[in-house]
Amino acid sequence: MSLPLFSLLMFCLPAMVSGTCGGHLWKASWVDKPRSDLHCILGVYCRNTTTPTKSEEYDTCCKCHSCAVWEGSELELFIEYASVLGGSLVLSDQAPSDTEVYKIEHRNADMTEIPSNLCNWDSESSLQDKYPDEFENIKPFWGKIVKINFENNKIKKLPNINCLVRLDEMNLRNNQLQHVSNTSFTNLRNLRSISMSGNQIKEIDPNILTSKSLHYLFYVDFSKNEMSKLDASNMFTLYPFCKIDYSSNEITDLVNEADFTMDMNKTYGPGYVGVADNKLSTWPDFEIIFGLNDITELGRLINFGFDFRGMSLVCDCNIQQFLEKAYNIINVLWRGYMNLTCSEPESVAGHLVWDIYEKEPESFVCPVEDGCDPRCTCVDEPKKNTSFIDCSNSDLQRLPEIPYSRFSYFVALNVSNNQISTIENVSYLHRISILDISGNNLKEINKTIANRLENATYIDISNNPRLKQLAQMFQYHNVCSRHMKNLQISCDCQSKWIEKWVHSRSCNEFQNNLFQCEIPNIGIRRALDFNPEDLECSPEGFLFFLETIIAGVILSLVLIGILVYTFRYELLILCLRLRQKSRNIVVPLYEYDVFLSFNDADDDVDRWVNSKLEPELTNASYSVFQPNRDVAFGAERDSEIIDILSKTRNFLAIMSESYLQESEEGMRSWTENEWKYGWNNFKTDRSKNIVLVNFDYLSSFDVNKPQIKAFLRVGCTVDFKNYDRKIMQQIFEKLGKPCRIPSLAVKTFDNKKVNFNKYDIFMVATTDVKLHSHMPNIDEEQADIQFKRNVLINTGHNIECKPPENGQQKHKKTLKPVEQRKVCKHRKCYACRHGSTNT
């Protein structure tokens, strides 16, 4: 067992009295810029360390057995009173020396304040005006004062004395201090000892000791004061210390007013904290006091010592949690200050805490009043992890509210002999381990309640005469842990499961706790004698068959819905194809027969389109629009494409790997826009058609567009791997016969007075001209339609065409002779086709 900690204060006395400080020069390892005037007292106190090292053992020894090289050789400054009220000044009879250190001692006197010219703290008095020289002359001594001893005076206030940068020891024992501020000495980086015992201190600010500058604060003594509470932030320093003493105060509670949270990434102390002989009665809740997430994190303070001896300890559930976690560790690291004695409850008064825990750990319980229904008794038993709530014979109409427990999860609830008719789905229902609800007016226990009570180790529902049904969920309960005495349960066709349940476990000793069965047309029998064969129930086979049919129908509908959604575009394409086949044989006339959509950046595709596909289409009298050639130079491409597609019957797309590929800049390709417009026309206009040529042998897995996938899946494409060389024949079949407004060659009229018949006039006129002046007596609209039909008949086409029904107002057209022009087939001829230049 280690020596009593108070004896550590005596270890440095020999060196201090003798005026010498022997040992090795010691520099604390946790300080970036350590002091160079400290020695570690070797020999008796640090006998196991013979050489100054940076080991943890060496630092641990030296922090409590160190001394300053100048101890015993300090020069003394003296005090002179400057006021009848006890005000004073520090004076010196010689000039300051750079090689000396100084101390101020004024004990057993009537000084009421710290000297006014120490750090010039007193700005309100007139002493500075009266004694300017004394205030000025003492300033050079501020940085050389190492000790202050003002014990046994009447000092009432501790001002800010942070100017004393070399202060090593401050002794203010037995004065009349009432409050200590956390700014009084926070920057005194050389301070090793503070003694303020025997004052009248009622309160100290939080974080007095946690300044990052207090590297050497080894001893702090606030004992024998009048403090009623202690903040957690004042039970630590950020660096190793020897002792912080708060013993013999009036402390009744440990608090955390500064919201201190222990940082698990930091190292605190270690050191010894004395809180003995105070008025604490409840074991501190360290989770709250130190801001812990779990009591196990208190292991970070395993090297600390906390002395709570002398407290009137109530041995209840508050200490049980701590004992459970710390028992094994404390057995190994036992110290005398851990010998605590219980004062309450009476059954364990006077017994050592550890003896009680070893023999009767369930004795640490807590009666709970806060949150407990006044008609109930609430007791928390952490050892059993259960809160026991007794509300029997309390005239309850429903389940009671229960108090919150920090220590226990499960609930043992006794609500027997009340007037409860329904078990409500209360929030704690799933935590109930024991439920006694016997002797009430229960009408039912539905399947939800039965499910939430499934894990309860004991349930008693006896003596509830109105309870006639048990939810089938009970078949998952342990029948041996369910007491159901004096119940008559209806055992009908819906309760066949009861027969297997009551025989599921062998619990002969509990047979008398089972209910009785009320069987239709038979009467009352024991539950163990219930046999479903005695019932007259409808055949289960028919019900099973009916359920199977219903389940099959539902499953079929689900599968059909999934298939319809998955192949919605395929179905749409097939429906549109069927609609086109059943359409009227008369179709509208269009300006173009075919719109060619392909990626002209693909050299192979472009070569095949211009050398093979388009010449074949043109030779077959199809009017072809090729966007990369025929869109007007400088025109807005998308707008013109939309307009052209509305005047075109067939959308012919040459599918290649690059057709829907994005550009390098991440922009959407223009071929994708063409496809989108072509698809929308096909979907909304029954006379429109889409033809896909699978140039690169793509499968449905190679494209992302769902509509193109659908075309590939249903086979509505012309496959380029057509080995019988009928590609163009298949394309013509899918395009259908040419059907458009003819663009005819123009003949020159040599004699304007010559009358032409209708057919000749139509053959020599373009679509935008009429010879109205030579046909005054003919209905021009009827003649126009007849002319076009005659042209189609004479050119071998057998499809009857009609003008587009576009809602435009009909107008008369005038034929007039024009000069004959050549057919323009290339983009460079755009000007000759749309301008006035002769070719």
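Me: Are Cys376 and Cys391 buried or exposed?

Reply: This is a predicted model, where local features need pLDDT of at least 70, side-chain atom pairs count only at pLDDT 80 or more, and totals for chains, interfaces and linings use all residues. Residues are numbered from 1 along each chain as its sequence is written, and side-chain values use heavy atoms, with hydrogens and water left out. Buried means under 20% relative accessible area, exposed over 50% and partly exposed in between, with a 1.4 Å probe and protein chains only. By that rule, both Cys376 and Cys391 are buried.

Me: Which hand does the disulfide of Cys376 and Cys391 have?

Reply: A disulfide is a pair of cysteine sulfur atoms within 2.5 Å. The sulfur atoms of Cys376 and Cys391 are 1.9 Å apart, and the two form a disulfide. The torsion about their S-S bond is about 115 degrees, so the disulfide is right-handed.

Me: How many disulfides does the rule count?

Reply: The cut-off is the one already given for sulfur atoms, within 2.5 Å. Cys372 and Cys378 meet it with an S to S distance of 1.9 Å. The count comes to eight disulfides.

Me: Which parts of the chain does the disulfide of Cys119 and Cys163 tie together, and how many residues apart are they?

Reply: Cys119 and Cys163 form a disulfide with sulfur atoms 1.7 Å apart. Helices (H or I, at least four residues) and strands (E, at least two) are DSSP runs, numbered from the N terminus. Cys119 lies in the loop between strand 6 (102–105) and helix 3 (127–130), and Cys163 lies in the loop between strand 7 (145–149) and strand 8 (169–171), so the pair ties together parts that are 44 residues apart in sequence.

Me: On which residue is the kink in helix 12 centred?

Reply: The bend at a residue is the angle between axes fitted to the seven residues ending there and the seven starting there. In helix 12 there is a kink of about 40 degrees. Val609 is among the buried residues of this helix. The kink is centred on Val609.

Me: What kind of aromatic pair do Phe236 and Phe304 form?

Reply: Rings of Phe, Tyr and Trp (its six-membered ring) pair if their centres lie within 6.5 Å; planes under 30 degrees apart count as stacked, over 60 as edge-to-face and the rest as tilted. The count comes to 23 aromatic pairs. For Phe236 and Phe304, the figures are 5.4 Å centre to centre and 70 degrees between the planes, and the pair is edge-to-face.

Me: How many residues apart in sequence are the parts that Phe236 and Phe304 tie together?

Reply: Both Phe236 and Phe304 are buried. Phe236 lies in the loop between strand 13 (229–231) and strand 14 (243–245), and Phe304 in the loop between helix 5 (286–289) and strand 17 (305–307), so the parts tied together are 68 residues apart.
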